[in-house]
Amino acid sequence: MSGAAAGHALRAVAASVLGAGLLVTITAAGFGEIATVLLLLGTLPLGVAVRAAWLRARDSRPDDEYPLVLASPSASLYTAFFLLPLVLIIVYSLATRQGYGEVVYGFSFHNFADALSGLYLQAFVRSVRFAVIGTITTVFIGFPFVYWLARYSPIRRRNLLLALVMVPFLTAFLIRAYAWRLVLSDDFLLANLLHRLGLLHGPLNLLNSGTAVQIGIVYGYLPLFILPLYAALERMDWRLVDAAKDLGSSRFSAFRQVTLPVVAPGVIAGSLLVFIPMTGEYVIPAVLGGGRVDFVGTLVSRAFLEGQNYPFGAALGLLVVIALSGCLALYLFMTNRAERNLGVV
């Protein structure tokens, strides 16, 4: 992109940031009831400015340069369904609740201070801990299966086996969570089988516990790890592994020096796809935890639906977004580093 086009793009971004700042200022002055209307109306001149910048960039770019206008559909959806709601969340997080459900807009940071103290901080740490353990468990369960599926499974049945992995997604997530309540109950076949094998003496006592929640989140998000890893292993040239063995490497050395660096981006992508939704999980802790294992998503739901404390719920949600954005930045750094080590970039 030329210098003039880059200048137009920067001015468009600056205009959007200025618009967001003006919106926060207006809402802080006491016009919170019309904040949404102003936000939606503000998208029209912003869209015109961005469109004009794209047209100037298209006219000034070389013929062989990638047309920036092709990104307009995704950029519009991203702006409408993520950036604009995020601005509203920021506005609410800086406000103060008055009475029951009433919001006084301003620039107060006490919601963030409350969210980072006491039981709320413990719930946030618990969510991250469960997500980390769940992600590690998912990797240890999913990687051997995907490795076998990509290298040793019959080619004719490979697509069928991969489709069977996706079969649970044909059922609603809530129904699958309640199905685990049946599986983990003391009256189900699992408890009876453990009793007959002599591995269990007494009740199973898994429901409404952290163990049940951990099992549920691993089961629920395991396919999200399998798919990107399978895409990476499917492109693997297994002749490189055979060549490493012929040159004297052991199986473990060949795996560590050849296979693992190649599939590292897939492992990182799958881990991120699993870790992010696990951190903000709400359904599984509510169903399998029985209200005893609170995640940060549970607290956000209670703040909005039960407590009618929109500022505090927005502050909690914004903290989750900030934390997950840090994880996304770490993912991009690790992915770029893995690609540089492989000589891709």
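Guide: Thr 135, Ile 136, Val 139, Val 267, Ile 268, Ser 271, Leu 272, Phe 275, Cys 327, Leu 330, Tyr 331 and Met 334 line the second largest pocket. This is a predicted model, where local features need pLDDT of at least 70, side-chain atom pairs count only at pLDDT 80 or more, and totals for chains, interfaces and linings use all residues. Residues are numbered from 1 along each chain as its sequence is written, and side-chain values use heavy atoms, leaving out hydrogens and water.

Visitor: How many residues of that lining are nonpolar, polar or charged?

Guide: The lining splits into 10 nonpolar, two polar and no charged. H11 (251–279) is one of the helices supplying at least two residues, and H11 gives the most, with five.

Visitor: Why is the Asp 242 and Arg 151 pair called a salt bridge?

Guide: The label needs a side-chain nitrogen of Lys or Arg within 4 Å of a carboxyl oxygen of Asp or Glu. Here the closest N and O atoms are 3.6 Å apart, so the pair qualifies. It links distant parts of the chain, with Asp 242 in helix H10 and Arg 151 in helix H5, 91 residues apart.

Visitor: What makes Asp 294 buried or exposed?

Guide: Its relative accessible area is 17%; buried means under 20%, exposed over 50%, partly exposed in between (1.4 Å probe, protein chains only). So Asp 294 counts as buried. Its salt-bridge partner at 3.0 Å, N to O, is Arg 302, which at 30% is partly exposed.

Visitor: And which label does Arg 239 get, buried or exposed?

Guide: Arg 239 has 63% relative accessibility, so it counts as exposed. Its salt-bridge partner is Asp 237, with N and O 3.1 Å apart.

Methods:
1 Å grid on protein atoms, 1.4 Å probe; cavity = no way out; pocket = protein on both sides within 12 Å on 5 of 7 lines; lining within 4 Å. Helix = DSSP H or I, 4+ residues; strand = E, 2+ residues; numbered from the N terminus. Nonpolar A, V, L, I, M, F, W, Y, C, P; charged D, E, K, R; others polar.
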